[in-house]
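Subject: Structure handover and notes

Dear colleague,

I would be glad if you could read them with the model open beside you.

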Amino acid sequence: MKSSELKNIWKQFNMAKNIQLEIIETHNVTMLDIDTAVLIFIGSHQRVTISKILKMKYFRDYGMSTIKRAVDRLLRSNLISKEKDTIDGRKNLLTVVGLSWMN
């Protein structure tokens, strides 16, 4: 891997940490790294469900209960919402709601 590629990756890590710190400060919530990753994933994808999160390669080292706890913390903090899918009522779609700059 080239040094320039690593520098770009480092910038992305810093941006994610800055998002996490901004949310902690502005919303007075506790955010773990997994919460931040799940929040960013939900904000950057459409029709997100917990199953979709679990299928992503990035989250393969996390168990279902860890992902569910992260989603629950984000829901309790009013950073995301869930609603029944109109196409398939068994699915709960997750969307970012508490962060206007992410929408």
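In what follows, a residue is called buried under 20% relative accessible area, exposed over 50%, and partly exposed in between, with a 1.4 Å probe and protein chains only. This is a predicted model, in which local features need pLDDT of at least 70 and side-chain atom pairs count only at pLDDT 80 or more, while totals for chains, interfaces and linings use all residues. Residues are numbered from 1 along each chain as its sequence is written, and side-chain values use heavy atoms, with hydrogens and water left out.

Salt bridges

A search of the whole structure gives 5 salt bridges, each being a side-chain nitrogen of Lys or Arg within 4 Å of a carboxyl oxygen of Asp or Glu. One of them joins D85 and R47, with 2.5 Å from N to O. This pair links distant parts of the chain, since D85 sits in the loop between β1 (80-84) and β2 (92-96) and R47 in the loop between α2 and α3 (50-55), 38 residues apart; helices (H or I, at least four residues) and strands (E, at least two) are DSSP runs numbered from the N terminus. D85 is buried at 5% relative accessibility, whereas R47 is partly exposed at 43%.

Another salt bridge is formed by the side chains of D33 and K17, at 3.3 Å from N to O. Because D33 belongs to helix α2 (residues 33-44) and K17 to helix α1, the pair ties together parts that are 16 residues apart in sequence. Here D33 is exposed, with a relative accessibility of 51%, and K17 is partly exposed, at 38%.

D88 and R90 also meet through their side chains in a salt bridge, with an N to O distance of 2.9 Å. Of these two, D88 counts as buried at 17% relative accessibility, while R90 is exposed at 72%.

Surface patch

M1, L6, I9, W10 and F13 make a nonpolar surface patch of about 600 Å². For such a patch, residues must have over 30% relative accessible area and no salt bridge, and nonpolar side chains (Val, Leu, Ile, Met, Phe, Trp, Tyr) are joined within 5 Å, like charges within 9 Å; the areas come from the Shrake-Rupley method with a 1.4 Å probe, and for residues only the protein chains shown count as cover.

Pockets

A pocket is an open set of points on a 1 Å grid over the protein atoms alone, where a 1.4 Å probe fits and protein lies on both sides within 12 Å along at least five of seven lines; its lining residues have an atom within 4 Å of a point. The largest pocket holds about 560 Å³ of space, and of the 20 residues that line it, F13, A16, A37, I40 and Y58 are the closest to its centre. The volume is the space filled by probe spheres set on the grid points, which are joined across faces, edges and corners. Helix α1 gives the largest share of this lining, 8 residues.

The second largest pocket has a volume of about 320 Å³, and its 16 lining residues include T49, I50, S51, K91 and N92, which lie nearest its centre. Two or more residues of that lining come from each of α3, α4 (64-76) and β2.

With kind regards
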